Amino acid sequence: MSRRELREQVFKILFGVEFHSAEELDEQIALYMEELGEVRQKDSEYILNKVHSIVDHLEDLDATLNAASKNWKTTRMAKAELSILRLAAYEIKYEEDIPVSVSINEAVELAKLYGSDQGPAFVNGILSGLA
């Protein structure tokens, strides 16, 4: 899978996390990966490690997003945009090998596919405050 495809799979799992308890995370990931089908071991490990790391940092990521957004706290954000923002914020804060501009651009592209009509501008505006 390309980096973009991997990022999209991570987003989809993170989006699903919003609708299940933390105790169900591993079961939900296993079901998702089963549904995804045949995936190279390397790609599967990348997806799983990244999802778990993001979930482990949710409190910090949400605090970062709350500080960067004006009049929008994570508790009020649409689930798709919130999941996209968490993924991008994680990359910006913790993955130095990914340029900030790439993380922002990829987040905007995901928002075009999965967010509301205003999602891309919203995601771009908040992430620009992080950079």
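**View 1. Thr64 and its contacts in the predicted model.** Once its neighbours within four places in sequence are set aside, Thr64 is in contact with Lys93 and Leu130. This threonine belongs to helix α4 and, in this predicted model, counts as buried, because its relative accessibility of 17% falls under the 20% limit. The C-alpha atoms of Thr64 and Tyr90 are separated by 9.8 Å, although the two residues are 26 residues apart along the chain.

**View 2. The crossing of α4 and α7.** The axes of α4 and α7 come within 8 Å and cross at roughly 100°; since angles of 65 to 115 degrees count as roughly perpendicular, the two helices are therefore described as roughly perpendicular to each other. On the α4 side the meeting residues are Thr64, Leu65 and Ala68, and on the α7 side they are Ile126, Gly129 and Leu130. Sorted by class, the contact of α4 with α7 has four nonpolar and two polar residues, with no charged residues.

**View 3. The largest nonpolar core.** Of the 33 residues in this core, Ile54, Val123 and Leu127 touch the most other members. The elements that give two or more residues to the core are α1 (3-17), α2 (25-36), α3 (41-56), α4, α5, α6 and α7 (119-130), and α5 gives the most, with nine residues. For Leu127, if residues up to four places away in sequence are not counted, the residues touched are Leu85, Ala88, Ala89, Ile92, Ile104 and Ala107.

View 4. In general, an α-helix has 3.6 residues a turn, so residues three or four places apart point the same way.

**View 5. Glu8 in helix α1.** Glu8 lies in helix α1 and is buried, because its relative accessible area of 18% is under the 20% cut-off. Without counting residues up to four places away in sequence, Glu8 touches Leu110, Leu113 and Tyr114.

**View 6. Ile98 in the loop between α5 and α6.** Ile98 is placed in the loop that runs between α5 (79-94) and α6 (100-114), and this isoleucine is buried, with a relative accessible area of 5%. Apart from neighbours within four places in sequence, the residues in contact with Ile98 are Arg3, Arg7, Lys50, Glu91 and Ser103.

**View 7. Asn71 and Thr74 in the loop between α4 and α5.** Asn71 is found in the loop between α4 (58-68) and α5, and Thr74 is placed in that loop too. Asn71 is exposed, with a relative accessible area of 68%, whereas Thr74 is buried, with a relative accessible area of 8%. The backbone of Asn71 has a positive phi of about 65°, although Asn71 is not a glycine. Thr74, when residues up to four places away in sequence are not counted, touches Asp62, Leu65, Asn66 and Leu82. Among these, Leu65 is also one of the α4 residues that meet α7.

View 8. Glu34 lies in helix α2 and is exposed, because its relative accessible area of 64% is over the 50% limit. The C-alpha atoms of Glu34 and Ser103, which are 69 residues apart along the chain, are separated by 27 Å. Arg40 has its place in the loop between α2 and α3, and at 49% relative accessibility Arg40 counts as partly exposed. From C-alpha to C-alpha, Arg40 and Met1 are 8.2 Å apart in space, while in sequence they are 39 residues apart.

How values were computed. Residues are numbered from 1 along each chain as its sequence is written. This is a predicted model: local features need pLDDT of at least 70, side-chain atom pairs count only at pLDDT 80 or more; totals for chains, interfaces and linings use all residues. Side-chain values use heavy atoms; hydrogens and water are left out. Helices (H or I, at least four residues) and strands (E, at least two) are DSSP runs, numbered from the N terminus. Buried means under 20% relative accessible area, exposed over 50%, partly exposed in between (1.4 Å probe, protein chains only). Contact means heavy atoms within 4.5 Å. A nonpolar core is a set of buried Ala, Val, Leu, Ile, Met, Phe, Trp, Tyr and Cys residues joined through side-chain atoms within 4.5 Å. Axes are lines fitted to C-alpha atoms, for helices over the stretch in contact, and angles run from 0 to 180 degrees between N-to-C directions. Angles under 35 degrees count as roughly parallel, over 145 as roughly antiparallel, 65 to 115 as roughly perpendicular and the rest as oblique. Ala, Val, Leu, Ile, Met, Phe, Trp, Tyr, Cys and Pro count as nonpolar, Asp, Glu, Lys and Arg as charged, and the others, Gly among them, as polar.
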